[in-house]
Amino acid sequence: MIATLFVGCIILLAIGVPVAFALGGATLAAIVVGGLPAIALPKYLFSGIDVFALMAVPFFILTAELMTGGALSEVLLRFASQFVGRFRGGLGHTNILTITFFSGISGSALADAAGPGAIMIRMMRKDGYLPEYAAALTAAVSILGPIIPPSITMIIYALAYPDINLVGLMIAGVVPGIVIAIAMAIINHVISTRRNYRGLDERLALRDYLRNTWRALPALVLPVLILGGIASGAFTPTEASVVAVFYALAAGRWIYRSLEWRMLPSILSRSALMTASVLIIVAMSAAFAWVLTVSRIPQQLTEMIVAANLSPLAFLFAVNVLLLVFGIFIEPLPGVVVLVPILAPIAHALGINDLQFGIIVIVNLTMGMITPPVGGLLFVTSVVARVPLTRMVSELWPFLWAQIAVLALLSLVPAISTLLPHLFGYR
Amino acid sequence: MLTTFDRALLKLNRWVVIAILASMALMVFANVALRFLTDHSILWVEEVSRYLMIWLTFLGAGIVLRYGAHIGIDTLQERVPRAAPAIRAAIFVLLLGFFAAMVWLGIRYAVLTWGQTTPVMGIPIGVVYLAMPVGFALMIVHLLLMAAPYVRHKRFLSDPEFDADAVQL
């Protein structure tokens, strides 16, 4: 039964069946082979998505869509540029800072790459940066989308491992996200020095700083509203997501005036379809995970690893290698739904902090979106930069190595992930 | 070229998912506002919005299919371009079989649970579970409509309003 589940899924994925239906098809085949009641399939399909907390997924998607349609990216960009633009590789640093801000509004990596990322790639091209470098940098920084809250991946993670506190997990993502942004900035600095990518030579007066900041303020309120609202307990993540939708609508319509009512149907339809494509994967993965549980493989694996008396660090190392390899082939969401129910309880039993482990898994699986040869983020950025994917790969390696170094740091130093949530009372 | 039927179906399907998402947002937002202003909230909102989300998922998946926007791995088809139409024909048959099985299982499940009612609204829970057979039947219709251009040339619908590249998460 388990062989059918895994071999079936791998074959279906390899020939190009969409992930959702490969998971569902393999689950159906395993149910038939294993003689399980077939009616359990619709049952677990529904229970996988019949969850109020999931409502934050469509709402955060909608917020990012409402914010991208218009002046927002430009406003954030000018705000970021005034701080880092004059340094060597200034436009690269501006890119990093803009996407870091935007990650506080969007919950997905592709929203980052397709929104402000696309604008930054075009600007960097025009300014004389190698287009494949601009694309690689943007892809590498866009992984912050699901690491800095809000985060669709974290919502799914909390569903896959109910013992974790979603609010704590979201707060835990802030510092690791900033650490990754700094690591990317170091690589950008080194490469810009080597290639002599200059900074922007615009002289700004205090008045310009004030004006840029004032213009960016309504946009900057949103990450504060979301994170602050959730962390203080004023909102649940779901409530914060719907408040963010209407704030983004109001800001786009009446403050930035870039959002027209007639744009709403297409924004809504795009968000609705993105929601459907995410939730159908979540539903199918839930049924897949159920067959896995029935097989008792996760329980046996847990007993084996706990009995082997593995040190927590050795386990974390093994998990990182496993996920990096898995991440090349599978997308973060099915990865979370299928692997987290197996791995997170083992980590817990070994005494690893739940929040630290969650951050490691999410950072690692999101990196899978930029590990060559395939990855959703690489695809989007290569299309925008108009460079073939293969030429981007060599530009990508420095960023990937830096992220692997951050991953090692996150594994060795729990405090990076746990200190901030700890201050808010989450463990 | 799209037939009149196809065009009408896509338009209707699109407006239905737009209406569902818009009403989910309005409903949940109104409830949050109400909780802040009056300390009360409407009980049925959580239930209804959850069920709308389920319907949205199954009704939306068909259009996502039309745009080629379900995440998948195309590496094999790109490596062996000659065999690609045969591979896509196989995918088409597999999907058709899977969708048909899901329609059948979905109907059985809805019938089986029809007697139960939802906790707050008291409507038959089968009304919610019908989303699955209806959604997969709709996916079969979309799959049949896209079959020829997909199998032959891997061509999907393209529409500036729903860009296939923007949909993968």
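The questions below go from confidence in the model to the interface of the chains and then to single residues.

Me: What is the mean pLDDT of chain B?
Reply: The model is a predicted one, and its overall scores are ipTM 0.92 and pTM 0.91. In chain B, 93% of the residues reach a pLDDT of 70 or more. The mean pLDDT of chain B is 88.

Me: Over which residues of chain B does pLDDT stay under 50?
Reply: Where pLDDT is low, the predicted coordinates should not be read in detail. One stretch of chain B calls for that care, although the model has 23 contacts for it beyond four places in sequence. The stretch of chain B with pLDDT under 50 is residues 163–169.

Me: How many residues of chain B are in contact with chain A, and about how much area do the two chains bury between them?
Reply: On the side of chain A, 62 residues take part in the contact, and on the side of chain B the count is 60. Of the area buried between chain B and chain A, 81% is on carbon and sulfur atoms. The total buried between them is about 5,600 Å².

Me: Which residue of chain B forms a salt bridge with A:E239?
Reply: Two salt bridges are found across the interface of chain B and chain A. In the one that involves A:E239, the closest N and O atoms are 2.9 Å apart, and the partner in chain B is B:R35.

Me: How many nonpolar residues are on the side of chain B that touches chain A?
Reply: The elements that give two or more residues to this side include α1 (4–38), α2 (43–66) and α4 (84–113) of chain B. By class, the side of chain B that touches chain A has eight polar and seven charged residues, while its nonpolar residues number 45.

Me: Is B:L95 buried or exposed?
Reply: B:L95 lies in helix α4 of chain B, and beyond its neighbours within four places in sequence it is in contact with A:V17, A:F21 and B:L143. Its relative accessible area is 5%, and because buried means under 20%, B:L95 counts as buried.

Me: Which backbone nitrogen does the side chain of A:N364 reach?
Reply: A:N364 sits in helix α18 (residues 354–367) of chain A, and it is buried, with a relative accessible area of 0%. Apart from neighbours within four places in sequence, its contacts are A:N320, A:L323, A:L324 and A:L407. At 3.3 Å, the side chain of A:N364 reaches the backbone nitrogen of A:L324.

Technical notes
Residues are numbered from 1 along each chain as its sequence is written. Chains are lettered from A and ligands numbered from 1 in the order in which they are written. This is a predicted model: local features need pLDDT of at least 70, side-chain atom pairs count only at pLDDT 80 or more; totals for chains, interfaces and linings use all residues. Side-chain values use heavy atoms; hydrogens and water are left out. pLDDT is the predictor's confidence in each residue, from 0 to 100. Contact means heavy atoms within 4.5 Å. Buried area is the accessible area (1.4 Å probe) that two parts lose on being put together, summed over both. A salt bridge is a side-chain nitrogen of Lys or Arg within 4 Å of a carboxyl oxygen of Asp or Glu. Helices (H or I, at least four residues) and strands (E, at least two) are DSSP runs, numbered from the N terminus. Ala, Val, Leu, Ile, Met, Phe, Trp, Tyr, Cys and Pro count as nonpolar, Asp, Glu, Lys and Arg as charged, and the others, Gly among them, as polar. Buried means under 20% relative accessible area, exposed over 50%, partly exposed in between (1.4 Å probe, protein chains only). A polar contact is a pair of N or O atoms within 3.5 Å; within protein, one must be able to donate a hydrogen and the other to accept it, and residues adjacent in sequence count only if both atoms are side-chain atoms.
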